[in-house]
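Subject: Structure handover

Hi,

Here is the structure I promised to pass on. Please have a look at it first; my notes on what was found follow below.

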Amino acid sequence: MNRMMCAVLCVVVLLLAACGGQPGQSAPAASAAGDAAAGQKLFEQATIGKSSGPGCVTCHSVEPGKTLVGPTLAGIATDAAGAFTEEGYGGTAKNAADWLKEQIVNPEVDMVEGFPAGVMPNNFQTELSPKELNDLVAYLLTLK
């Protein structure tokens, strides 16, 4: 009986250790988290996606005031923090990360003033994997 009790206690201790964290805390959703370093590498590629379309760096600078085909993304994390609450916003995002994802996969939902519609590809939803999209958003969230 003592061996059985010891075995049960060991299993319980191992299960608790495997769960980790503090009481009341929940683990972050793995699918929502991205790797900023991997996202930066993806951003800096000349081509991106399954069909090797033009990469982000081809059209977007990360330097303040440097405009290429599309707007500079310098400070995009700061902009994204409030963009989904602005008057006239027609998307569904409720936070900065979701707004950035929405801008990547549906760029015409919240157009930047002075840039024409139809220039940014609108096929990144199918061209990028969910992991690539999350990595890219994680990188963009570092651009404050």
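Let me begin with the largest pocket: 39 residues line it, and His60, Pro71, Gln103, Val112 and Met120 are the ones nearest its centre. A pocket here is an open set of points on a 1 Å grid over the protein atoms alone where a 1.4 Å probe fits, with protein on both sides within 12 Å along at least five of seven lines, and lining residues have an atom within 4 Å of a point. Two or more lining residues come from each of α3 (56-59), α4 (76-83), α5 (96-105) and α7 (130-140). Of the elements, α5 gives the most, with 4 residues. The pocket has a volume of about 840 Å³, that is, the space filled by probe spheres set on grid points joined across faces, edges and corners.

Before going on, a word on the source: this is a predicted model, in which local features need pLDDT of at least 70 and side-chain atom pairs count only at pLDDT 80 or more, while totals for chains, interfaces and linings use all residues. Residues are numbered from 1 along each chain as its sequence is written, and side-chain values use heavy atoms, with hydrogens and water left out.

As for the overall layout, the protein chain has 7 helices and 2 strands, taken as DSSP runs numbered from the N terminus (helices: H or I, at least four residues; strands: E, at least two). Their order from the N terminus is α-α-β-β-α-α-α-α-α. Of its 144 residues, 28% count as buried (under 20% relative accessible area with a 1.4 Å probe, protein chains only; exposed is over 50%, and partly exposed lies in between).

Helix α4 is worth a look on your screen. Its residues Ile76, Ala77, Ala80 and Ala83 are buried. They are on the same side of α4 because they cover an arc of only 125° around the axis, judged by the directions from the helix axis to the C-beta atoms. The buried residues of α4 pack against α5 and α7, where contact means heavy atoms within 4.5 Å.

Finally, what about disulfides: how many does a search of the whole structure find? The count is 0, a disulfide being a pair of cysteine sulfur atoms within 2.5 Å. The sulfur of Cys56 has its closest cysteine sulfur in Cys59, 8.7 Å away and too far for a bond. Cys56 is buried, with a relative accessible area of 14%, whereas Cys59 is partly exposed at 23%.

Best wishes
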